[in-house]
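Please open the structure in your viewer and keep the selection tool at hand. We will go from one selection to the next, and at each stop we will say what is there.

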Amino acid sequence: MSSSSARLDNFTDAAFAFAVSLLIIGGGGTPDSTQSLFLALGDLPAFAFGFAILVMFWISHVRWRAIRGDGDTLSVGLTLLLVFLILVYVQPLRSMAAATSHWFTGQGGGFSGEVAPLFTIYGLGFTAMSLVTAALFADALRNRALSEQQRMAVRGDRNIWLIHTVTGLVSVLVSLSRFGELAAVVYASLPVTIGLYSWRYDWSGERRG
């Protein structure tokens, strides 16, 4: 890998690390009493939720780099767009994580505003980041050194991120409807849709009956 690609990846890793730091438990303040400590620990589920989402995108970028190699101007542009989106996305992610965690566990501070608009903003960010990640894997197909089996795997990854994109878009549409508070439930379909797709997809190039 060239030095310029390595520097870009270091910059991307730093951006993801900074985004994770913004999710820190308790808002970054040091608990000064037992009560405040327990309140801060109540935010642990929200932190874990947000952390898992960020790591999901970061791992995908690491996997893309291993497949794509050095890339070119388009690769750099897509990576920088992903960095920009993650730094914008982290704030609605933090609010969304708090609201979702409070809804499921009853712990943490939750979210005091209207939930439906929050789902709309979060969904737009999730959709945009998923679409850029899908575009990165589409860009990886331009690597002529890939074998046919590797290309099948890359197409599979691209399509999985397109499933993320469509799911985020559906969630946005639900958030704008009269059932706006149910927008978060749409994301619960991802393990099912991605699981079924991964099961049926021809990862090895051998057609299934």
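Begin by selecting aspartate 157 and arginine 63, whose side chains meet in a salt bridge at 2.6 Å, N to O (a salt bridge is a side-chain nitrogen of Lys or Arg within 4 Å of a carboxyl oxygen of Asp or Glu). Aspartate 157 belongs to helix 6 and arginine 63 to helix 3, so this pair ties together parts that are 94 residues apart in sequence. In the whole structure, a search finds seven salt bridges.

Before going on, note that this is a predicted model, in which local features need pLDDT of at least 70 and side-chain atom pairs count only at pLDDT 80 or more, while totals for chains, interfaces and linings use all residues. Residues are numbered from 1 along each chain as its sequence is written, and side-chain values use heavy atoms, with hydrogens and water left out.

Next, select helix 3 (residues 44-68) and helix 6 (residues 148-175); helices are DSSP runs of H or I with at least four residues, numbered from the N terminus. Their axes, which are lines fitted to C-alpha atoms over the stretch in contact, with angles from 0 to 180 degrees between N-to-C directions, come within 12 Å and cross at roughly 155 degrees. Helix 3 and helix 6 are therefore roughly antiparallel to each other, a description used for angles over 145 degrees.

Now show the side chains where the two helices meet, with Met56, Phe57, Ser60, Arg63 and Ile67 in helix 3 and Ala153, Val154, Asp157, Trp161 and His164 in helix 6; contact means heavy atoms within 4.5 Å.

Terms used
pLDDT is the predictor's confidence in each residue, from 0 to 100. Angles under 35 degrees count as roughly parallel, over 145 as roughly antiparallel, 65 to 115 as roughly perpendicular and the rest as oblique.
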